[in-house]
Amino acid sequence: MRRLTTSLSAQSEVDALTGENRPQGLAEPAARAGWNSKIEYFLAQVGFSVGLGNVWRFPYLCHKNGGGAFLLLYVLLLLVVGIPLFFLELAAGQAIRQGSIGVWKYISPKLAGIGYSSCVVCFFVALYYNVILAWSLFYLGNSFQYPLPWEQCPKQGNITVKECEMSSPTSYFWFRKALDTTDSIDEVGSFNTNMICCLLAAWTIVCLGMFKGIKSSVKVMYFSSIFPYVVLICFLVRGLLLEGAKEGIIFMFYPKLEKWGELQVWLQAATQVFFALGLGFGSIIAYSSYNPKNNNCHRDAFTVSFINFLTSVLASLVVFAVLGFHAKVKVDACVARRLNLIAEIVEADSQLILAKSPELYSSWFREYGKNLPANLTDCDLEKQMKEGVEGTGLAFIAFTEAMSHLPGSPFWSALFFLMLLNLGLSTMFGTMEGILAPLSDRFKTLAKNKTKLTSNCIIGFIIGLIFTQRCGNYFVTMFDDYSATLPLIIVVVFECFSVSWLYGADRFLDDIELMLGWRPTIIYKYLWKYICLLAMVGLLGVTTIRTIIKRPTYTAWNQETASNSDLPYPDWALAVLALLILFAMMPVPVGLIHSFLQDRKKPSRDSEAGQYSIVNTDETPMADMSELDLRNGFANSVS
């Protein structure tokens, strides 16, 4: 204990200078509910970190930013920034066995507001994330019919609906039948009855799953965390058998190393690592707090992180195998249309008869196309693959259209949207736990009535009605892009700073050593203090500057032209954005001010010098002492 006592004595001098009155070690707290098995914890942690972004965000970023080159960059940032921060949150939650509010108040009382900010961000995310589950439920319900309602354009009499004819059946169904969207976010007030019902169903499922805390949610996770992998493997096997799948996968992973020279690629890779792991939400801390003290959280950090990464790669293989098939179908249709047009210009026995495949047509077009009318263009498979889509555009339009070409399309459609629903549910359970666990730990009256607390999902449903307006999808985009991004980055910056500088990286490693029985490498000290902190500050700075310099925009659907267009947010929407960000971050300065006011009411440390002793002169390990002894300055606690 000589080394630990010396470390604590030195740290007490820092505390005296900073005014921090924090415990001098991570104590073993009172009894706390725990997981029935390691498998339950593992499924919960993987289920939370693996979400919709792995399916509809990662593949798009990968093919847009250099394919295999992006994968290498992603792994590099995952090892240097992502896993160290993930390990930090796992260790803090497991050692202190509290939710985010209790953990950050314990580590640095002056930054106790970090935990409250995490709760606010979780609430914002839960509001719009459940709307995506509602969309999945709507499509799942419409998948049990043949033909699928988005396979063909509807007709009014004998005339095809113009909006559908100008776009595509899947785009028309998404924007007109599912959302009945308006032309801009300014057109508010009219509600979508179908989406209200689906949102109610989504919140009901979440509420029932969280009714008894982790004891009930983990039973759902046995299915919701495993089922998506079964579906992805089924889609991969089916996709690899499709024509065009090989071209799609090659296009996806072909490395373009020159992309490493672009700052934008680094920023997007770092942002994806950050959000893929779910850092800053408090859910990682909450789940980890139910672990036994000696659980190997270091191994968990690597295991969960690489499962998350491999899931993203698996999803990318599936997406681009199917989209490669989709591109092949569209190119074949393009060639057929071009052949019909050109047949009217040239004689039937010309060389054009040889052009029966996209490859033959392209070579023929390069040789003879300059002599044809200007409105005739080439049908390029690679160009078709470059029309990458992400988010809802991938899930509800591009991928949905690709599945409509598969034999037995209703089966594949139902399977796909059931997978999206389960991916979303696992993440929603983690998000809700990021709210419930810290509030229950902080306010004991809530802990005794957690059943009533979870039933308050009705509040989320009522507020979520804003997303069921005809312009609701624009509000989902606004919340997704701005309500969580900046606040979460700020939260993680404060987390990293409070652990590595205020509490002390060496001291934190000491506590981990007492907890695990072995000491993690000293590399973590420098990663937390410098690399991770500087990386997050840099990401915060660039994100803030870009938000300020460039007026935020959103993608709107124009019914008249049947196409998307980027529109700037109106002034009132910008005010809402600012309020969301300020409201999420307000607990940090409020907590800091409250801590200073509380310190001023306390007697000075000099008057307490003879009363308290902060050095542990006994051989009793800090982690074996009671939390009350630690928080009272160990007054007469060691005899």
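A: Buried means under 20% relative accessible area, exposed means over 50%, and partly exposed is in between (1.4 Å probe, protein chains only).

Q: What kind of model is this, and how are residues numbered?
A: The model is predicted: local features need pLDDT of at least 70, side-chain atom pairs count only at pLDDT 80 or more, and totals for chains, interfaces and linings use all residues. Residues are numbered from 1 along each chain as its sequence is written, and side-chain values use heavy atoms, with hydrogens and water left out.

Q: Back to α12. How far apart are its end C-alpha atoms?
A: They are 20 Å apart. The helix has 14 residues, 227-240, and at 1.5 Å a residue it should span 20 Å, so the two agree. The expected span is 1.5 Å times one less than the number of residues.

Q: How many helices and strands are in the chain?
A: There are 30 helices and four strands. Both are DSSP runs, numbered from the N terminus: helices are H or I with at least four residues, strands are E with at least two.

Q: And how much of the chain is buried?
A: Of its 639 residues, 55% count as buried. As for contacts with a separation of 6 or more, 81% come from residues 24 or more positions apart. Contact means heavy atoms within 4.5 Å.

Q: Give me one such residue. What does Pro 59 touch?
A: Leaving out residues up to four places away in sequence, Pro 59 touches Asn 54, Met 252, Ala 315, Ser 316, Val 319 and Phe 320. Its C-alpha atom is separated by 7.2 Å from that of Ala 315, 256 residues apart along the chain. Pro 59 sits in helix α4, residues 58-64.

Q: Is Pro 59 buried or exposed?
A: Buried, with a relative accessible area of 1%.

Q: Helix pairs next. At what angle do α19 and α20 cross?
A: Roughly 150°, with their axes coming within 9 Å. Axes are lines fitted to C-alpha atoms, for helices over the stretch in contact, and angles run from 0 to 180 degrees between N-to-C directions. The two helices are therefore roughly antiparallel. Angles over 145 degrees count as that, under 35 as roughly parallel, 65 to 115 as roughly perpendicular, and the rest as oblique.

Q: Which residues make the contact?
A: From α19, they include Phe 396, Phe 399 and Met 403. From α20, they include Trp 412, Phe 416 and Leu 420. By class, the contact has eight nonpolar, four polar and no charged residues. Ala, Val, Leu, Ile, Met, Phe, Trp, Tyr, Cys and Pro count as nonpolar, Asp, Glu, Lys and Arg as charged, and the others, Gly among them, as polar.

Q: How do α25 and α26 cross?
A: At roughly 170°, with axes within 9 Å. That makes α25 roughly antiparallel to α26. Their contact has 21 nonpolar, four polar and three charged residues.

Q: What is the phi of Arg 97?
A: About 55°, a positive value, though Arg 97 is not a glycine. Arg 97 lies in the loop between α5 and α6, and is buried at 10% relative accessible area.
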